[in-house]
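Let's take a walk through this protein together, one part at a time. Have a look at the model below, and then we can begin with one of its helices and what surrounds it.

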Amino acid sequence: MSKFIKDEEGNSNSYAPVLLPLSNAAVVSHLKACQKLSVNHAQTGFIKFVAAFDHALESEIQKAHSNQEAVDLDGVQRAFRSKQAEFERYYCGYLSEGFVKFKKRKLNTMVGSDVNPSENDLELLGNEDLEEAIAITSLTQRADGYFAEPLWALNQRFAVLNGGVHVTESSNPAAPIQLCESLRRALKCLPFSNKVKTLAYKVFDKYLLKVSGNITEDINQYLKAQGILPHLRYAAPSGKVPESYLSEDGDDSEEGIDENAMPSHDENLSPEDYQNELLGAIRNLQDQLGTPVAPHQSSGAITVSESQLVDALQFLQHQPQATPGFFQGNQPVIPANIDSVVEQLKEVIKSDDDGEVQQGDMKTIDLVGMLFEFMLNDENLPDRVKALLSYLHTPFLKIAFIDLGFFEKSDHPARLLLNSLAEAGSRWVGNDGTQQYDIYEKIKAVVEDVQKEFDNDVKVITTLLLEFNGYTKNITRRQELMEKRATEKAQGEEKLREVKLRVNDEIRKRTHNRELPSALLLFLLQPWSDYLSFALLRYGDNSDKWARALALVDDVLWCIRPKTKNEDKVRQIEMHDVILSSIQAGFDTIGFDQAKSKKLIDAVTSLMKLAMQSKRAEPAPAPMRQKLEQIAAEKAGTSPASDDVATPEESQMVEKLKVIEFGTWFEFKGGRRLKIAWYNARTSHYMLVDQMGKRVDMISGLDMSRQMIKGTAKIISGSSKPFFERALENIFHKLNEKAEATKAAGDAHLAKHE
């Protein structure tokens with residue numbers, strides 16, 4: 001049952017340098033090593049799972065509500081025990097098969113409704129299939145969320161093995177979904193009811209995180225050691241494991257749970273705990289620094305309740321200035337003035353109730369304000385998107401008072417909506433005024449709907465989130481498909497470029513510092529270079545055709561040298577007909593013009609006759625030779641050497657660019673955003689795609705470096721973390737710096753008066 005990757009180009013264990021396109025042998029070698037690591041960890045975990053599942057079946061038999069149910073479960077247990085070896089073999093075999101599919105670029109594991117978009121007729125899943133799909137989705141989402149950063153790093157490294165083609169969890173052979181899919185397929189070999197399958201997934205859930213963690217970390221470390229993106233950094237998850245959707249009360253005490261499944265370090269928490277720690281630290285800093293209070297505050301003032309604050313925010317949300325006329329027109333959007341909104345809130349409270357806001361509520365107002373202040377300063381977001389999103393401040397401040405989970409829960413719909421809007425804006429809207437897929441209009445519509453429809457029911461936010469994510473999900477698929485096609489086309493073009501460079505180098509090595517006639521230079525640098533390119537591209541550099549085509553160059557160069565010895569003249573006579581027929585055959589192969597072909601062959605014949613007479617042909621004039629060589633160099637994709645001399649600063653920048661990750665976004669002069677989708681280290685060319693995934697340019701590393709040094713191109717600092725988490729980090733750092741500055745000022749004041 002197990003399927004293993006086969007060597008396709010010998011047994012070479014040599015590895016390419018960092019980011020160099022790997023040979024097929026190197027890719028196969030790396031994939032086999034990753035396959036072995038994955039299967040070994042999976043097998044170890046599966047043995048424990050099998051034992052725990054058998055125990056769970058025994059427990060179900062004991063808890064059976066009827067004798068018939070107990071008999072049925074006993075039969076299931078006996079069938080399971082009789083096929084344990086087969087069950088394990090299928091499970092490991094399917095996991096191994098994933099690496100084979102990855103090598104062939106056919107791995108695309110989907111769950112539930114997330115099916116292949118190329119299918120024309122999508123049938124509704126049956127109840128049993130739907131339950132199984134929900135169980136697998138729950139398992140994979142939990143693992144994917146917990147190992148988000150290690151999986152992101154692994155996707156980047158597998159993309160290098162995949163020739164630069166983008167890799168996601170569905171196409172990553174070591175991702176958690178592959179373990180779940182292997183189990184799903186293996187379960188088909190057993191006569192299990194849907195209830196028993198659900199039990200199997202519940203038990204499997206207890207081992208998935210540990211196995212996934214071991215596989216992801218070990219493969220990351222292996223590929224790093226092999227020079228595959230060695231400088232890629234990510235934070236290893238630890239701390240409290242996210243709660244499973246499949247768990248029930250008391251599950252954690254059941255036998256089979258591995259108490260040491262995940263490492264626990266205070267400095268490395270799960271995303272949920274990490275954000276809660278950040279929030280706690282922020283609130284502590286707010287306490288230390290004190291919170292701004294309403295103006296004209298007096299000790300006898302009436303305290304304003306949260307419900308009164310919500311009413312005041314509701315009033316402000318529906319004021320004309322909260323939803324200005326830009327929603328109906330094409331005028332430039334002016335960002336909302338957050339400070340002004342807060343002042344208006346205080347004025348409304350003051351005029352209606354002559355009251356004062358509690359310190360705790362002021363902290364919430366201040367925190368939401370800092371959140372949107374970060375958004376307005378986030379360089380990842382285009383200015384147009386920042387301006388739009390700034391008008392969510394008032395409704396989101398209202399949410400912070402209505403639903404305490406807004407800050408405490410990382411999966412709160414309002415937080416997820418803000419994350420999705422920010423991510424979509426940064427991906428598909430440019431600072432040059434362009435947008436893709438009408439995403440700017442879509443974001444605008446969402447902001448308008450929040451302003452108009454959201455009162456106190458967060459379900460409105462949830463509905464908008466689902467609609468917007470559904471829209472962007474389809475866009476992402478289209479973009480990835482377009483980017484994949486662009487990458488494949490670029491790889492083909494770059495392969496041809498490499499061939500032409502190789503041919504030009506071979507010709508230059510043989511003609512350098514040698515005086516040669518114009519006709520021969522024309523023959524070598526144009527039609528015969530085309531034939532050499534054809535032979536190398538079609539048959540490879542180990543082929544007989546390439547060797548003979550290259551040998552003909554050496555033979556012609558020897559034959560046109562003046563001959564004084566009889567034995568050389570005899571040899572030339574013997575070679576004469578063979579050389580001419582080989583040249584004619586080469587011209588015919590590439591479809592070279594017949595009239596030009598005859599002239600060049602006649603010229604070569606004349607040069608050989610002169611050599612037989614011990615005479616040397618007149619060399620090509622320097623300007624003509626320089627022109628011919630320049631044309632050949634440009635045809636091969638190179639430019640004159642004088643233009644390509646890099647300064648020390650440019651050379652340093654070129655080296656830095658060599659370790660840049662696929663998917664890095666650049667902003668060019670005028671605000672246009674382009675992404676590095678692929679890099680060819682042999683030709684030092686980067687493929688840039690736009691926000692639709694469409695190829696825009698193939699630029700050299702030196703040209704890219706020069707633009708960066710001039711300031712006409714800059715890297716947009718990206719992050720795998722969602723917008724809201726980055727915002728909390730930024731708020732913490734700013735408050736912490738402020739607290740340290742305040743403390744330093746206080747210490748200095750005390751020291752001055754001592």
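In this predicted model, the buried residues of helix 3 pack against helix 1 (24-62), helix 2 (67-82), helix 5 (148-161), helix 6 (176-187) and helix 7 (194-225). Which residues of helix 3 are buried? They are Phe87, Tyr91, Cys92, Gly93, Tyr94, Leu95, Ser96, Glu97, Gly98, Phe99, Val100 and Phe102. Helix 3 covers residues 84-103, and at 1.5 Å a residue its 20 residues should span 28 Å; the C-alpha atoms at its ends are 29 Å apart, which agrees. Just beyond helix 3 comes Arg105, with a positive phi of about 60 degrees.

Leaving out residues up to four places away in sequence, Phe87 touches Phe46, Phe49, Phe80, Leu183, Ala186, Leu187, Cys189 and Leu190. The largest nonpolar core has 93 residues, and Phe87 is among the members that touch the most others, together with Phe49, Phe53 and Phe158. Another core, of 71 residues, lies apart from it and includes Phe374, Leu389, Ala414 and Ile731. In soluble globular proteins, nonpolar side chains tend to be buried together.

Next, let's turn to a pair of helices. Helix 16 (residues 439-453) and helix 17 (residues 459-511) have axes 10 Å apart and pack at an angle of about 175 degrees. Angles over 145 degrees count as roughly antiparallel, so helix 16 is roughly antiparallel to helix 17. On the side of helix 16, the contact is made by Ile439, Lys442, Ile443, Val446, Asp449, Val450 and Glu453. Helix 17 contributes Val460, Ile461, Leu464, Phe468, Tyr471, Thr472 and Ile475. Sorted by class, this contact of helix 16 with helix 17 has ten nonpolar, one polar and three charged residues.

Is Asp555 buried, partly exposed or exposed? Its relative accessible area is 27%, so Asp555 is partly exposed. Setting aside neighbours within four places in sequence, Asp555 is in contact with Met575 and Ile579. Asp555 and Gln572 are 17 residues apart in sequence, and their C-alpha atoms are 9.2 Å apart in space.

Finally, step back to the whole protein. Its secondary structure comes to 26 helices and seven strands. Of its 754 residues, 47% are buried. Among contacts between residues at least 6 apart in sequence, 77% join residues at least 24 apart.

Definitions and conventions
Residues numbered from 1 in each chain as written. Predicted model: local features only at pLDDT ≥ 70, side-chain atom pairs only at ≥ 80, totals over all residues. Heavy atoms only, no water. Core = buried A, V, L, I, M, F, W, Y, C linked by side-chain atoms within 4.5 Å. Buried < 20%, exposed > 50% of the residue type's maximum accessible area, 1.4 Å probe, protein only. Contact = heavy atoms within 4.5 Å. Helix = DSSP H or I, 4+ residues; strand = E, 2+ residues; numbered from the N terminus. Expected span 1.5 Å × (residues − 1). Axes fitted to C-alpha atoms, helices over the stretch in contact; angles between N-to-C directions. Parallel < 35°, antiparallel > 145°, perpendicular 65-115°, else oblique. Nonpolar A, V, L, I, M, F, W, Y, C, P; charged D, E, K, R; others polar.
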